[in-house]
Amino acid sequence: MPAFTVTTAGDVARVVLNLPGEPVNKITRAVREELAGLLDRLEKDQQVRGVMLISGKTDTFIAGADIDEFVALRSQGEAQELVRGGQGLINRLAALSKPVVVAIHGACLGGGLETALACGYRLASDHPKTVLGLPEVQLGIIPAAGGCQRLPRLIGLRGALDLMLAGKTLPASRAFRAGMVDELVHPAILESAALEAARRLAGGWRPRRPGRGLMGMLLDGTPAGRALVLRAARRQVLRQTRGRYPAPLAALRTMAHGLAHGIEAGLDMEAALFAELAVGGVSRHLVPIFFATAALHKDTGVEGEAPPARPVNNLAGHGAGIM
């Protein structure tokens with residue numbers, strides 16, 4: 001059963017990602033292979049002038065890459081191969097000759113956000129469950145499908161560092177204010193607004209994104225300004241981690257290298273440092289903690305099925321000391 005379903009709305013291809021048999025969308029090997037074929041077809045289809053990508057899941061856009069595939073990596077060579085394939089696919093999406101609009105509802109994390117960053121226009125629903133972020137450092141790795149390159153170019157180095165070095169997630173409203181999202185809409189009109197945006201882009205319209213102001217231009221747009229920001233960020237990371245967590249420092253290096261030497265050089269460093277981290281000891285210990293935390297969130301506190309809730313009419317508290 002395919003993960004992608006394609007229908008047309010006039011001259012716009014409506015692409016729905018709904019990974020079968022899974023509660024959330026994630027980027028698996030099968031999804032990557034299917035997307036590669038889909039991009040070929042979209043590029044060649046003369047009837048399609050624009051593309052709209054949306055999730056078929058209730059509360060998730062794309063939750064990230066398949067962690068099981070990442071855990072299965074046994075060598076830096078395997079990790080490099082995995083990353084290079086993902087980078088090539090995301091680059092193809094970014095270079096598609098037809099504008100791609102992404103409609104985000106629910107969690108848009110890790111590889112999901114990197115996919116969205118490669119699209120020409122991003123809409124998000126103003127729903128509490130819509131959050132965006134690159135939390136890879138929490139697993140001891142770095143974003144390696146272009147996130148370390150495209151995010152600072154979109155929202156500025158300071159904003160990207162703040163988000164990425166701590167693995168933060170932002171609600172849609174804050175992501176919109178930061179410049180990660182171009183348009184914030186009610187969930188009920190997300191799809192129709194995205195289709196309309198794809199039609200406008202196909203007709204030649206281009207979005208006007210706000211500038212970063214004079215201070216932002218000085219700090220993000222000049223080598224001296226970037227060096228100042230990077231030094232301050234490195235000091236903060238070392239103060240918080242005492243040098244024991246290599247992933248934030250690797251993300252810092254990758255962003256700095258890409259901004260100084262170009263996106264291709266940045267992607268090369270992304271792949272190399274991801275491969276080093278992915279099979280390293282820190283990441284191998286953080287991944288089980290991630291799985292244990294996820295399991296704990298689902299724990300009801302009782303064995304078997306939780307009994308149905310009973311009405312509470314009276315409540316008393318006893319004791320006022322340390323307990």
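Contact means that heavy atoms lie within 4.5 Å. Helices (H or I, at least four residues) and strands (E, at least two) are DSSP runs, numbered from the N terminus. The model shown is predicted: local features need pLDDT of at least 70, side-chain atom pairs count only at pLDDT 80 or more, and totals for chains, interfaces and linings use all residues. Residues are numbered from 1 along each chain as its sequence is written, and side-chain values use heavy atoms, with hydrogens and water left out.

**View 1. Helix H11 and the helices it packs against.** The buried residues of H11 pack against helix H5 (147-155), helix H6 (157-164), helix H10 (223-241) and helix H12 (263-278). Buried means under 20% relative accessible area, exposed over 50%, and partly exposed in between (1.4 Å probe, protein chains only). Among the buried residues of H11 are Ala247, Leu252, Met255 and Gly258. H11 covers residues 246-261, 16 residues in total, and its first and last C-alpha atoms are 22 Å apart. This is close to the expected 22 Å, where the expected span is 1.5 Å times one less than the number of residues. Gly262 follows H11 and has a positive phi, near 105 degrees.

**View 2. Helix H5 within its surroundings.** Of the 9 residues of H5, 7 are buried, so this helix is largely enclosed by the rest of the structure. They are Gly147, Cys148, Gln149, Arg150, Leu151, Pro152 and Ile155. The buried residues of H5 pack against H3, helix H4 (111-117), H6, helix H7 (172-178), H11 and H12. Just after H5 comes Gly156, with a positive phi of about 95 degrees.

**View 3. Glu270 and its contacts.** Glu270 is in helix H12 and is buried because its relative accessibility is 0%. A polar atom of the Glu270 side chain lies 3.0 Å from the backbone nitrogen of Cys148.

**View 4. Gln87 beside Glu270.** Gln87 has its place in helix H3 (residues 76-94). Gln87 counts as buried because its relative accessible area is 3%. The side chains of Gln87 and Glu270 make a polar contact at 3.4 Å. A polar contact is a pair of N or O atoms within 3.5 Å; within protein, one must be able to donate a hydrogen and the other to accept it, and residues adjacent in sequence count only if both atoms are side-chain atoms. Apart from neighbours within four places in sequence, Gln87 is in contact with Ala144, Ala145, Leu267, Glu270 and Ala271.

**View 5. Strand S7 between its pairing partners.** Strand S7 (residues 121-125) is mostly covered, with 5 of its 5 residues buried. Tyr121, Leu123 and Ser125 point one way from S7, and Arg122 and Ala124 point the other way. Two strands pair if DSSP finds at least two bridges between them. Strand S5 (residues 100-104) runs parallel to S7 and is joined to S7 by 4 bridges, with Ala103 opposite Leu123. Strand S10 (residues 183-185) also pairs with S7 in the parallel sense, over 3 bridges, and Leu184 stands opposite Ala124.

View 6. For Cys119, the nearest cysteine sulfur is that of Cys108, 9.2 Å away. For Cys148, the nearest is again that of Cys108, 16 Å away.

Notes: A disulfide is a pair of cysteine sulfur atoms within 2.5 Å.
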